Amino acid sequence: MNPGFEDVLRRNVERYADRIDYVVMNHAEPDHAGAIPFIMESSDALLVTTKKGAEMAKFYYDVPESRVRVVEDGEEISLGEKTLRFIHAPWLHWPETMFTYLVEDGILFPCDFFGCHTAYGFYDDEVPEILYYAQRYFGEIMMPFRSMGKKALEKIKGLKINMIAPSHGPIYRNLEKILSAYEKWTAGETEEKVLVVYATMWGSTERMVNLLTELLMKEGLKVAVHNLASADIGEIAKDLVDSRAIVLGTPTVLGGMHPLALFAANLVKALRPPARYAAVLSSFGWGGGAVKQIEEIVSSLNLEVLGVVEVRAKPSDSDLEKVRKLAEKIAGVVKV
Ligand SMILES: Cc1cc2nc3c(=O)[nH]c(=O)nc-3n(C[C@H](O)[C@H](O)[C@H](O)COP(=O)(O)O)c2cc1C
């Protein structure tokens with residue numbers, strides 16, 4: 001629980017129990033574990049976590065070894081009528097993460113996995129656009145750890161799960177939709193979709209972006225376009241989850257990429273999306289430099305560059321023809 005909400009936590013605990021024996025820490029990040037110093041001080045509880053979690057609890061929350069019970073993968077703790085089973089699920093999205101499974105009720109507490117950044121709705125079926133929130137969260141938090149997510153999904157396959165109660169967003173009592181979405185996202189399955197992110201100062205890059213977008217849409221592709229001057233980074237992360245190609249548009253600024261485009265390129269690098277193809281649109285005034293910089297970044301990613309259209313000042317007719325050719329090439333590989 002977030003630091004600053006200790007009193008809320010205390011009141012909630014007092015409603016249900018007169019003592020605490022165990023505090024389960026699925027994840028050490030402060031939004032989940034920030035109240036641990038308070039709860040450890042005000043009780044004799046043991047902190048239940050993975051080995052890595054014990055190390056994190058020591059550094060973040062000064063919890064001594066004597067107050068920790070390290071649990072192995074699959075280990076259970078009986079609370080009398082209820083049993084908690086701990087499932088190691090590392091790197092979702094920190095190294096210490098685990099899931100807790102309440103055996104008798106079939107409730108899985110996967111912490112951040114399956115999360116949504118929305119406070120709207122208690123159960124999934126009360127939020128019609130739940131998959132939108134789930135995809136956005138996946139893109140922002142889980143996408144770089146797709147292979148670990150895949151392993152975790154395999155691990156919980158044999159469990160009888162009635163509900164999934166993540167630590168952010170609604171509780172899932174209908175599992176099929178979210179499980180099949182996670183199967184797809186962790187496998188890196190993309191759609192016939194192109195993500196276009198761009199910056200522009202005087203509209204030249206934007207003219208090429210607009211033409212490319214129009215042509216790709218005519219080809220029947222989904223196109224998500226974000227002008228970086230006003231873009232919502234979470235939306236870009238969401239669109240990276242299922243886009244097969246990424247187009248970056250940037251003018252040259254001071255011998256390199258526009259700072260917003262540089263930011264976007266670094267974001268793509270960090271989030272490790274499943275896209276396979278890239279293309280670049282760029283404009284310069286005298287000497288250029290943006291394309292060289294973007295090519296350096298893209299070469300460190302696992303992306304095939306389908307084309308670069310670089311124009312001086314404004315795009316000429318022959319430049320626009322190159323954009324048309326690029327659109328054809330993109331459509332040719334993105335459509336399967
Ligand atoms: C602040 C600023 C810095 C620029 N730096 C360069 C530069 O270093 N090299 C260059 O070739 N052009 C430079 N330019 C010119 C732009 O790259 C050029 O105007 C380009 O056509 C802008 O594309 P846009 O219309 O998509 O914004 C600069 C322009 C501005 C406003």
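Predicted model: local features only at pLDDT ≥ 70, side-chain atom pairs only at ≥ 80, totals over all residues.

Numbering starts from 1 along each chain as its sequence is written.

**Overall picture**
- The protein chain has 12 helices and 14 strands, taken as DSSP runs numbered from the N terminus (helices are H or I with at least four residues, strands are E with at least two).
- Its C-alpha trace spans about 75 × 40 × 30 Å along the principal axes.

**The core**
- The largest nonpolar core holds 86 residues (a set of buried Ala, Val, Leu, Ile, Met, Phe, Trp, Tyr and Cys residues joined through C-beta atoms within 7 Å).
- Val 194, Val 196, Leu 212, Ala 245 and Leu 248 have the most contacts inside that core.
- Leaving out residues up to four places away in sequence, Val 194 touches several partners, among them Leu 216, Val 223, Ala 245 and Ile 330.

**Helix pairs**
- Helix α6 (residues 146–156) packs against helix α7 (residues 176–187) at about 140°, with axes 8 Å apart; axes are lines fitted to C-alpha atoms, for helices over the stretch in contact, and angles run from 0 to 180 degrees between N-to-C directions.
- That angle makes α6 oblique to α7, because under 35 degrees is roughly parallel, over 145 roughly antiparallel, 65 to 115 roughly perpendicular and the rest oblique.
- In this pair, Arg 146, Gly 149, Lys 150 and Leu 153 of α6 meet Tyr 182, Glu 183, Thr 186 and Ala 187 of α7.
- Helix α9 (residues 233–242) and helix α10 (residues 259–271) pack at about 50°, with axes 11 Å apart.
- Here Ile 233, Ile 236, Ala 237 and Leu 240 of α9 meet Leu 267, Val 268 and Leu 271 of α10.

**Leu 102**
- Leu 102 sits in strand β6 (residues 98–102).
- Leu 102 counts as partly exposed because it has 17 C-beta neighbours inside 10 Å.
- Beyond four places in sequence, Leu 102 contacts Lys 82, Leu 84 and Ile 107.

Terms used: Buried ≥ 20, exposed ≤ 12 C-beta atoms within 10 Å, placed from the backbone. Contact = placed C-beta atoms within 7 Å.
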